[in-house]
Amino acid sequence: MKILAIESSCDETAAAVVEDGRNVLSNIVASQVEEHKLYGGVVPEIASRRHAEAIVGVVDEAIKTAECTLNDIDAIAVTHAPGLIGALLVGVNFAKGLSLATGKPLVPTHHLRSHIASNYISHKELKPPFLCLVVSGGHSHIVEVLDYTDMRVIGRTRDDAAGEAFDKAARAMGIPYPGGVELDKIAENGDDSAFVMPHPHVDGSPYDFSFSGLKTAVINLIHNKQQKGEEIPVADVCASYRKAVVGCLTDNFLKAADDLGYKTLVIAGGVSANSLLRRELERLCKGKYNLYMPEESLCGDNGAMVGAQGYYEYLAGNIAESDLNAIATLPISERGF
């Protein structure tokens, strides 16, 4: 079964053709990163306009690269939630039009479920149930994946997401967008014991995260040094801060795994490409858990992950009508249509 998948939830216009949820026949991504660098972050209105300009060409290229035609496509999957509402609407409306024109079923797909599904592409043997740490610029969740379309959040951030915390700290140090990615690179050359950072916990909710205090601590450290006219050892600050954020993520994730009895652990989302997070989980899980991580090329937003999840949504009967709408915020456990 071939799924044509469309993703436009933030600043990547993406399309892919995926067969049987695991085999990627094409995966095309048009990135807007260079343009948004001018503004230090994603500008929603610009992102929406660029999606509208790029989507026809990206979808066409995905079909051609897969060496098929629309007649060979069995269903059309599209990210309908969550994300930037204007950006989502471009993908949703394009997919709706294509579905109406071709008569192909329309499969709404949750963005975070799709990130989890990127692991089905990287690890074809992986099957639920498992415990997943979903970490990105807008989300930090610990999710019980009970089945392909049945998920339960057991831990989440109370304030900033991990990716957001990385980006804001990077901005305070003058590191260009995308800050989290650049901070990770710079941290590789720093001393992670140079500065002591707080390790926040949420009382009564051992699996929840809180990064706002950690973010404030690093910003205060930077400002204090600036006010005193002292040079900021950027690499050391990046390394110390990264170590603290990753420590919060791994501690809560592994505690949840132990408490709930999971031996199969999975990570997903843009921050799952973070080099220290990957190394630490490999070290901590060795000999105790089965750890699955997506290929780095599949950590960011892409169409292949939407096609992978879309396949299982289709099998579960999650088909939408022509009144499908985009939703800016939607829990991972809900369909939203």
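The following legends describe views of a predicted model of a protein chain.

**View 1. Overall fold of the protein chain, with 10 helices and 10 strands.** The C-alpha trace spans about 65 × 45 × 30 Å along its principal axes. The radius of gyration of the chain is 20 Å, which agrees with the value near 20 Å that a compact globule of 337 residues would have. Buried residues make up 54% of the 337 residues. Among contacts with a separation of 6 or more, 73% join residues 24 or more positions apart.

**View 2. Packing of helix α5 (residues 162–172) and helix α7 (residues 212–227).** The two helix axes come within 10 Å and cross at roughly 5°. Because angles under 35 degrees count as roughly parallel, α5 is described as roughly parallel to α7. From α5, the residues making the contact are K168, A169 and A172, and from α7 they are K215, V218, I219, I222 and Q226. Sorted by class, the contact comprises 5 nonpolar, 1 polar and 2 charged residues.

View 3. A polar atom of the S240 side chain lies 2.9 Å from the backbone oxygen of D236. The side chain of S240 also reaches the backbone nitrogen of F195, at 3.2 Å. When neighbours within four places in sequence are left aside, S240 is in contact with D191, D192, S193, A194, F195 and M197.

Definitions and conventions: Residues numbered from 1 in each chain as written. Predicted model: local features only at pLDDT ≥ 70, side-chain atom pairs only at ≥ 80, totals over all residues. Heavy atoms only, no water. Axes fitted to C-alpha atoms, helices over the stretch in contact; angles between N-to-C directions. Helix = DSSP H or I, 4+ residues; strand = E, 2+ residues; numbered from the N terminus. Parallel < 35°, antiparallel > 145°, perpendicular 65-115°, else oblique. Contact = heavy atoms within 4.5 Å. Nonpolar A, V, L, I, M, F, W, Y, C, P; charged D, E, K, R; others polar. Polar contact = N/O pair within 3.5 Å; in protein donor to acceptor, adjacent residues only side chain to side chain. Rg over C-alpha atoms; globule rule 2.2 N^0.38 Å. Buried < 20%, exposed > 50% of the residue type's maximum accessible area, 1.4 Å probe, protein only.
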